[in-house]
Amino acid sequence: YTQPQVLSRLNVLRALKESMSQMPAYVSCLSYFLPMEIQVGLQDEHLLRHYQYYALVALQSPQPSVRVAGLAMLTEVSKEFGNFAHNVLHETDTFCNLVADDWWEVQGQLMLLTGCLLEHAASVQAEGTSAERDLEAMQKTAEQRLLRVADELMSNTKGRSKVVIQIGLCSLAKVLRPYPQLLPGYVTALLQQPAQFRHRILEHQGTIRKRYSIGTSSRVYEECCLLDFWPGVDIARTMAEVAASQNLPHLETEHFEVLTCCLPESSVDLDDTWLMVFEKMKNYIFVAFLDPVLHDLAVEVVRRYWLCRPQAAAQRALDASKKTLLQILRLHYSDAATGEAKIKETALVDFLREMKEAGGAVASMLQSVVDQFREVHNVEFQRSTLAKLFG
């Protein structure tokens with residue numbers, strides 16, 4: 001088996017099978033041998049079909065660990081070899097029913113396979129190769145089945161394991177652009193993940209290898225940084241649409257964590273889509289501006305928009321902020337009891353001072369809003385110290 005010849009390896013695999021009395025043990029061995037074959041570059045069709053055959057057989061096993069092994073082999077073969085990924089796409093009716101499997105690791109491996117196959121299907125369509133015509137014939141079946149599997153596994157309505165969701169968030173990040181219909185469920189699942197899980201995949205710390213369950217039969221999974229793969233602006237836009245559709249009274253910390261991760265660096269220009277996101281979320285953002293828990297996160301977002309490039313985009317963000325900012329000033333200085341905790345005035349004034357010192361259109365907008373606040377809501381204005389800053 002140490003010889004890098006296909007015939008030698010096939011002979012060893014046949015001898016191993018004959019010496020084993022139980023098929024599950026043989027399948028489990030194959031699932032660990034396959035990465036070795038790929039590592040040494042053995043791309044022989046007969047050898048890979050051997051693995052694919054036993055992978056499909058394994059899916060019918062009553063033992064969860066064997067089903068996991070079968071799905072793992074299909075994923076490995078599909079990830080490395082496009083022609084075999086195409087073959088596995090034709091077998092979706094064989095494994096998609098495993099979406100109802102109760103074993104978390106079967107669900108996790110099915111999620112990995114689903115993401116891998118969707119990525120392959122999207123790449124084939126993008127390349128416009130001859131295989132695309134064949135793909136079109138089964139697209140309404142294979143792709144739709146895979147998309148239903150992804151939606152079902154990302155849903156938390158049945159108490160889905162947070163580990164399965166974590167695997168899905170990583171494996172589907174690369175296919176959100178070609179399959180935007182996955183975005184609502186994806187964003188909802190991301191927001192519902194426990195903070196420690198969400199932080200691991202939103203931080204730039206490279207790929208992390210995790211074993212979620214103790215035991216020799218459990219597989220190792222990779223957690224990637226989502227920011228390297230997802231379409232940030234589409235995530236932010238979808239989050240705004242979901243918040244509006246659910247009629248949320250306010251945003252939570254997780255919304256701002258995701259939004260700040262989606263926003264590009266300050267050196268990157270913001271386009272019309274980003275301005276649309278701000279327009280949809282500005283009321284939520286400014287309400288959070290007064291929340292002691294969310295204030296710093298909201299300030300970061302407001303600062304990013306008000307000081308963005310190009311200047312025309314910043315001006316549009318400033319214009320869109322005027323009415324809401326006026327309402328926030330009135331709310332903050334009102335003596336009416338709201339039952340909600342508010343930030344100290346010093347935090348509000350410090351931010352306004354910082355923005356005023358930025359000069360230009362930002363300072364002009366703030367002066368205009370404060371002047372209007374003084375004129376329209378003079379009682380509230382007199383309770384403030386804004387006169388010291390804006391005259």
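This is a predicted model: local features need pLDDT of at least 70, side-chain atom pairs count only at pLDDT 80 or more; totals for chains, interfaces and linings use all residues.

Me: Which element gives the most residues to the lining of the largest pocket?
Reply: Two or more lining residues come from each of α2 (23-39), α4 (64-80), α7 (104-127), α9 (162-172) and β2 (221-223). By class, the lining has 11 nonpolar, nine polar and nine charged residues. With six residues, the element that gives the most is α7.

Me: Which element gives the most to the lining of the second largest pocket?
Reply: The second largest pocket has a volume of about 310 Å³, and its 14 lining residues include Val287, Leu290, Asp291, Glu340 and Ala341, which lie nearest its centre. By class, nine of the lining residues are nonpolar, two polar and three charged. The most, three residues, comes from α14.

Me: At what angle do the axes of α14 and α15 cross?
Reply: Residues of α14, among them Trp274, Phe278 and Phe289, meet residues of α15 that include His295, Val302 and Trp306. By class, this contact has 14 nonpolar residues, one polar residue and no charged ones. The crossing is left-handed, and the axes of α14 (residues 272-289) and α15 (residues 295-306), which come within 10 Å, cross at roughly 145°.

Definitions and conventions: Residues are numbered from 1 along each chain as its sequence is written. Side-chain values use heavy atoms; hydrogens and water are left out. Axes are lines fitted to C-alpha atoms, for helices over the stretch in contact, and angles run from 0 to 180 degrees between N-to-C directions. Helices (H or I, at least four residues) and strands (E, at least two) are DSSP runs, numbered from the N terminus. A crossing is left-handed if the near helix is turned anticlockwise from the far one by less than a right angle, and right-handed if clockwise. Contact means heavy atoms within 4.5 Å. Ala, Val, Leu, Ile, Met, Phe, Trp, Tyr, Cys and Pro count as nonpolar, Asp, Glu, Lys and Arg as charged, and the others, Gly among them, as polar. On a 1 Å grid over the protein atoms alone, a cavity is a set of points where a 1.4 Å probe fits but cannot get out, and a pocket is an open set with protein on both sides within 12 Å along at least five of seven lines; lining residues have an atom within 4 Å of a point. Grid points are joined across faces, edges and corners, and a volume is the space filled by probe spheres set on the points.
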